[in-house]
Amino acid sequence: MEDMNGLDVDELESLIDGVAAEPEQASFTFRAETEWTGGFASETRISDFEQDGTPIESPEFTVTGDEPAALLGERDGPNAVEHLLAAIGSCLSVTYAGHAAAKGIEIDEMHFEFEGDIDLRGFLGLSDDVRAGYEEIRATTHIDADASDEELEALHEEVLETSPLYDSVTNQVSLEFDLDFE
């Protein structure tokens, strides 16, 4: 059992081989349930998910969302656009660590910095010329690893090709809504 970047490389290889042999094992459905708690605050609960249609039990996690006072919130948690930056960072961490381990690259230190620009006139419905979401997100990866610059650049390109959140943010994803009036 070789440990690389906090991952058991043998288990990682077994996961990859298992999914290659049975692609349906790569099919996951994740869920989140958000409840408005007043003002601009909400709580999202995340727990069980499915793998290949099979329910998988998981501990429940609660994520609080709120706005800063400048946006009429109580700042009991990050706002949604900040959660998005955190989700991208979390996904990039996983993707870098896993792909680096598979390539035998040991990461000594890694962190990300994000900035996102948003013009709230879109959210507030004040301008049809301003989008409601981020206009631009800038990210910097800081990485110290036992690899050459060329190997790290290749790893970075692979991460951008395989990160689920990078893909979801940089490509259009369908989002279907049902309305249930109570």
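This is a predicted model: local features need pLDDT of at least 70, side-chain atom pairs count only at pLDDT 80 or more; totals for chains, interfaces and linings use all residues.

Trainee: Good. How many salt bridges does a search of the whole structure find?
Mentor: The search turns up nine salt bridges. As a general point, side chains of opposite charge can pair when their charged atoms come close.

Trainee: Let me pick one. Which parts of the chain does the pair of E50 and R31 link?
Mentor: E50 and R31 meet through their side chains at 2.9 Å, N to O. E50 sits in strand 6 (residues 49-51), while R31 is in the loop between strand 3 (28-29) and strand 4 (33-38). The two are 19 residues apart, and the pair links distant parts of the chain.

Trainee: What about K103, which residue does it form a salt bridge with?
Mentor: With E158, and the closest N and O atoms are 2.8 Å apart. K103 lies in the loop between helix 2 (80-102) and strand 9 (107-117), and E158 belongs to helix 3 (residues 149-162). That pair spans 55 residues of the chain. K103 has a relative accessible area of 45%, which means it is partly exposed. E158 is partly exposed as well, at 21%.

Trainee: Which residues do salt bridges with shared partners join into one network?
Mentor: E115, D117, E136 and R138. There is also a salt bridge between the side chains of R75 and E82, at 2.8 Å from N to O. R75 is partly exposed at 42% relative accessibility, and E82 is partly exposed at 28%.

Trainee: How many bridges join strand 6 to strand 7?
Mentor: Three, and those two strands run antiparallel. Q51 has T54 in strand 7 as its bridge partner.

Trainee: And strand 4, what does it form with strand 5?
Mentor: A hairpin, with two residues between the strands. G39 is in the turn and has a positive phi of about 60°. Five bridges join strand 4 to strand 5 (residues 41-46), and the two run antiparallel. If you want a spot to look at, T34 stands opposite T44 in strand 5.

Trainee: Which way do strand 5 and strand 8 run, parallel or antiparallel?
Mentor: Antiparallel, with five bridges joining strand 5 to strand 8 (residues 61-65). There, I46 has F61 in strand 8 as its bridge partner.

Trainee: Now the rings. How many aromatic pairs does a search of the whole structure find?
Mentor: Five. F28 and F30 make a stacked pair, 5.7 Å centre to centre with 5° between the planes.

Trainee: Why is the pair of F28 and F49 tilted?
Mentor: Its planes are at 35°, so the pair is tilted, and the ring centres lie 6.1 Å apart. F28 is in strand 3 and F49 in strand 6, so this pair ties together parts 21 residues apart in sequence. F28, F30 and F49 form one aromatic cluster.

Trainee: Which of those is buried?
Mentor: F49 is buried, with a relative accessible area of 19%. F28 is partly exposed at 37%, whereas F30 counts as exposed at 62%.

Trainee: Last topic, the second largest pocket. How much space lies in it?
Mentor: About 1,000 Å³. It is lined by 29 residues, and the closest to its centre are L84, I88, L165, S168 and V169.

Trainee: Which element gives the most to that lining?
Mentor: Helix 2, with six residues. Strand 10 (136-145), helix 3 and helix 4 (164-170) are also among the elements that give two or more residues.

Trainee: And how do the lining residues divide by type?
Mentor: There are 18 nonpolar, six polar and five charged residues in the lining of that pocket.

How values were computed. Residues are numbered from 1 along each chain as its sequence is written. Side-chain values use heavy atoms; hydrogens and water are left out. A salt bridge is a side-chain nitrogen of Lys or Arg within 4 Å of a carboxyl oxygen of Asp or Glu. Helices (H or I, at least four residues) and strands (E, at least two) are DSSP runs, numbered from the N terminus. Buried means under 20% relative accessible area, exposed over 50%, partly exposed in between (1.4 Å probe, protein chains only). Two strands pair if DSSP finds at least two bridges between them. On a 1 Å grid over the protein atoms alone, a cavity is a set of points where a 1.4 Å probe fits but cannot get out, and a pocket is an open set with protein on both sides within 12 Å along at least five of seven lines; lining residues have an atom within 4 Å of a point. Grid points are joined across faces, edges and corners, and a volume is the space filled by probe spheres set on the points. Ala, Val, Leu, Ile, Met, Phe, Trp, Tyr, Cys and Pro count as nonpolar, Asp, Glu, Lys and Arg as charged, and the others, Gly among them, as polar. Rings of Phe, Tyr and Trp (its six-membered ring) pair if their centres lie within 6.5 Å; planes under 30 degrees apart count as stacked, over 60 as edge-to-face and the rest as tilted.
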